[in-house]
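Please have the sequence and the model open while reading.

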Amino acid sequence: MEIVVTDAPERTRFEARQGDTLAGFAEYIRSGSLVVYPHTEVDPAFVGRGVGGALARAALDDARARGLPVLATCPFIAGWMGRHPDYADLAYQNRSRVSD
């Protein structure tokens, strides 16, 4: 059975499901100018089956569609972005020029 990833805005996360079973999720904090991905979790029964990657791809594709830079504080999402350079352009860059 196929893994399907959908946005669950009422829970501020993307959810991966196989049928009615929740296989994993990627939480987000979204504003009008930035999206933060703080936590991703995959059910142990689904580890190694591409669930985490499907969540990362869906979350990052959504950020791209919204034109939002990504601050990936979740180690999994940050690592996934590092292994997929086609998503590097989404990485949030602090452009502050404030100095002491």
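Which residue in E4 does Gly24 stand opposite? Gly24 stands opposite Val42. The model is a predicted one, and the points below are grouped by topic.

**Strand pairing**

- E3 covers residues 21-30, and E4 covers residues 35-42.
- These two strands, E3 and E4, run antiparallel and are joined by six bridges.
- Four residues lie between E3 and E4, which form a hairpin.
- E4 also pairs with E5, in the parallel sense and over three bridges.
- Within the pairing with E5, Val35 has Val70 as its bridge partner.
- A right-handed β-α-β unit is made by E4, H1 and E5.

**Nonpolar core**

- The largest nonpolar core has 23 residues, of which Val35, Tyr37, Leu60, Val70, Ile77 and Met81 touch the most other members.
- At least two residues of this core come from each of E2, E3, E4, helix H1 (51-66), strand E5 (70-72) and helix H2 (75-83).
- H1 supplies the largest share of the core, namely six residues.
- Beyond residues up to four places away in sequence, Val35 touches Tyr28, Ile29, Arg30, Ala63, Leu68, Pro69, Val70 and Leu71.

**Aromatic rings and charges**

- Two aromatic pairs are found in a search of the whole structure.
- One of them is formed by Phe14 and Tyr28, whose ring centres are 5.4 Å apart; their planes are at 55 degrees, so the pair counts as tilted.
- This pair links distant parts of the chain, with Phe14 in strand E2 and Tyr28 in strand E3, 14 residues apart.
- Phe14 is buried, at a relative accessible area of 4%, and Tyr28 is buried too, at 6%.
- The ring of Tyr28 also has the charged end of Arg30 over it, 4.1 Å from the ring centre.
- Over the ring of Phe25 sits the charged end of Arg13, 4.3 Å from the centre.

- Apart from neighbours within four places in sequence, Thr40 is in contact with Phe25, Ala26, Leu55, Cys74, Phe76 and Ile77.
- Among these contacts of Thr40, Ile77 is one of the core residues that touch the most other members, while Phe25 carries the charged end of Arg13 over its ring.
- Glu27 lies in strand E3 and is partly exposed, with a relative accessible area of 29%.
- The contacts of Glu27, leaving aside neighbours within four places in sequence, are Thr12, Arg13, Val36, Tyr37, Pro38 and His39.
- Glu27 and Cys74 are 47 residues apart in sequence, and their C-alpha atoms are 9.2 Å apart in space.
- Gln18 belongs to strand E2, residues 13-18, and is buried at 17% relative accessible area.
- Met1, Glu2, Ile3, Phe46 and Arg49 are in contact with Gln18, again leaving aside neighbours within four places in sequence.

Conventions: Residues are numbered from 1 along each chain as its sequence is written. This is a predicted model: local features need pLDDT of at least 70, side-chain atom pairs count only at pLDDT 80 or more; totals for chains, interfaces and linings use all residues. Side-chain values use heavy atoms; hydrogens and water are left out. Contact means heavy atoms within 4.5 Å. Buried means under 20% relative accessible area, exposed over 50%, partly exposed in between (1.4 Å probe, protein chains only). A nonpolar core is a set of buried Ala, Val, Leu, Ile, Met, Phe, Trp, Tyr and Cys residues joined through side-chain atoms within 4.5 Å. Rings of Phe, Tyr and Trp (its six-membered ring) pair if their centres lie within 6.5 Å; planes under 30 degrees apart count as stacked, over 60 as edge-to-face and the rest as tilted. A charge sits over a ring if NZ of Lys or CZ of Arg is within 6 Å of the ring centre and within 35 degrees of the ring normal. Two strands pair if DSSP finds at least two bridges between them. A crossover is right-handed if, with the strands pointing away from the viewer, the path from the first strand over the helix to the second runs clockwise.
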